[in-house]
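Opening the notebook on this one.

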Amino acid sequence: MSMEISIQEYYQQGRPLPLIDVRSPGEFAQGHIPGAVNIPLFDNEERARVGTVYKQQSREKAIALGYELVAPKLRWYVEEAAKVAQGGPLVVHCWRGGMRSQSFAQHLRDNGFKQVQTITGGYKAYRTLVLDTFTRDWSLHILGGYTGSGKTHVIERLMELGHQAVDLEGLAHHKGSAFGAIGQTPQPSSEQFNNDLFEQWRHFDIRKPVWLEDESCNIGKVNIAIPLFQRMRAAPVFFLDVPREVRAVLLAREYAFKDVAPLKAAVARISKRLGGLVTQQCMDLLDARDFYEVALLTLHYYDKTYRRGLSMRDAAKVTVLPAKTTDSLENTELLLKEAAKADFAV
């Protein structure tokens, strides 16, 4: 077995081997390979100390400090790695496949681990693979529609039917509007969002289309990788045109929370666009738990915003699908029929 493996070779295995990321917890939190286990060679403070010595003194003194810091943890590294390996082979990586991962891997070999490889180029090589993947000539199909059209439910239905589709808002833990964070877990970093997206994307066949929901470049605080977003903006759009009153019913059902404080905060965030009178009406309606009327009022703003964005696309690439319902099964069938008529391979 080779001591090193490229990130491409790592993924070419039928089932990727257990992976250990030896970077600091802060680096790992910012972005990591999905499925990797963090066993940090240095904690955040230790990494900062070593870096300071490297910059202000010398490489040799930084290495000496590094050895001093890791010495008390050598047994812990072995014990934690054994939990990950479960008696089998292991792959280790750091930022660039340098001293941290190589020394960690050698320490494991010296302590009875027979199959330990490092990733050439480390996490940096992985990130290059992620971004390069999104620059490839993928056939994207974009599902558009006004707020409340049930687009996410259609994407989920496409996935269930075996089509290549990704729920971007699910990965971002955000529904995209001022109300999008309500009821969601904290958002990942943009870096981790794109890593998680790649984890799904790497299984896709480039000869087949990929369905994505129409999004702006950011979903909440998460940014879509620029190469992918550029392709999304140039791709054909299938626009579900659902009546506002029907969409308001769906939104009222999904946002009918007992605690209306988060909804009030969201209304306040768009108050300048709603205007003072509409904002106050929304607040009063929320107090009365009239979620349907709040949805109707706010949809006037969101519909106008979406129309403006849609008008910036190539009209020849927009297919409008009149829909009477937000039922995901019915709208998915409509979508696939219209895509077939448009002579797109689905």
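How much space lies in the second largest pocket? I get about 890 Å³, a volume being the space filled by probe spheres set on grid points joined across faces, edges and corners. A pocket here is an open set of points on a 1 Å grid over the protein atoms alone, where a 1.4 Å probe fits, with protein on both sides within 12 Å along at least five of seven lines; lining residues have an atom within 4 Å of a point.

Ground rules: this is a predicted model, where local features need pLDDT of at least 70, side-chain atom pairs count only at pLDDT 80 or more, and totals for chains, interfaces and linings use all residues. Numbering runs from 1 along each chain as its sequence is written, and side-chain values use heavy atoms, without hydrogens and water.

I listed 25 lining residues for that second pocket, with Phe42, Val50, Ile63, Met99 and Arg100 nearest its centre. Helix α4 gives the largest share, 6 residues (helices are DSSP runs of H or I, at least four residues, and strands runs of E, at least two, numbered from the N terminus).

Next I looked up the largest pocket, at about 1200 Å³. Its lining has 48 residues, and Thr147, Glu169, Lys175, Gly176 and Ser177 lie nearest the centre. The largest share, 12 residues, is from α16.

Last, strand β8 (residues 210–213). I found Val210 and Leu212 buried on one side, Trp211 and Glu213 on the other (buried: under 20% relative accessible area, 1.4 Å probe, protein chains only). Strand β6 pairs with β8 in the parallel sense over 4 bridges (pairing takes at least two DSSP bridges), and His141 stands opposite Trp211.

Key. Buried < 20%, exposed > 50% of the residue type's maximum accessible area, 1.4 Å probe, protein only.
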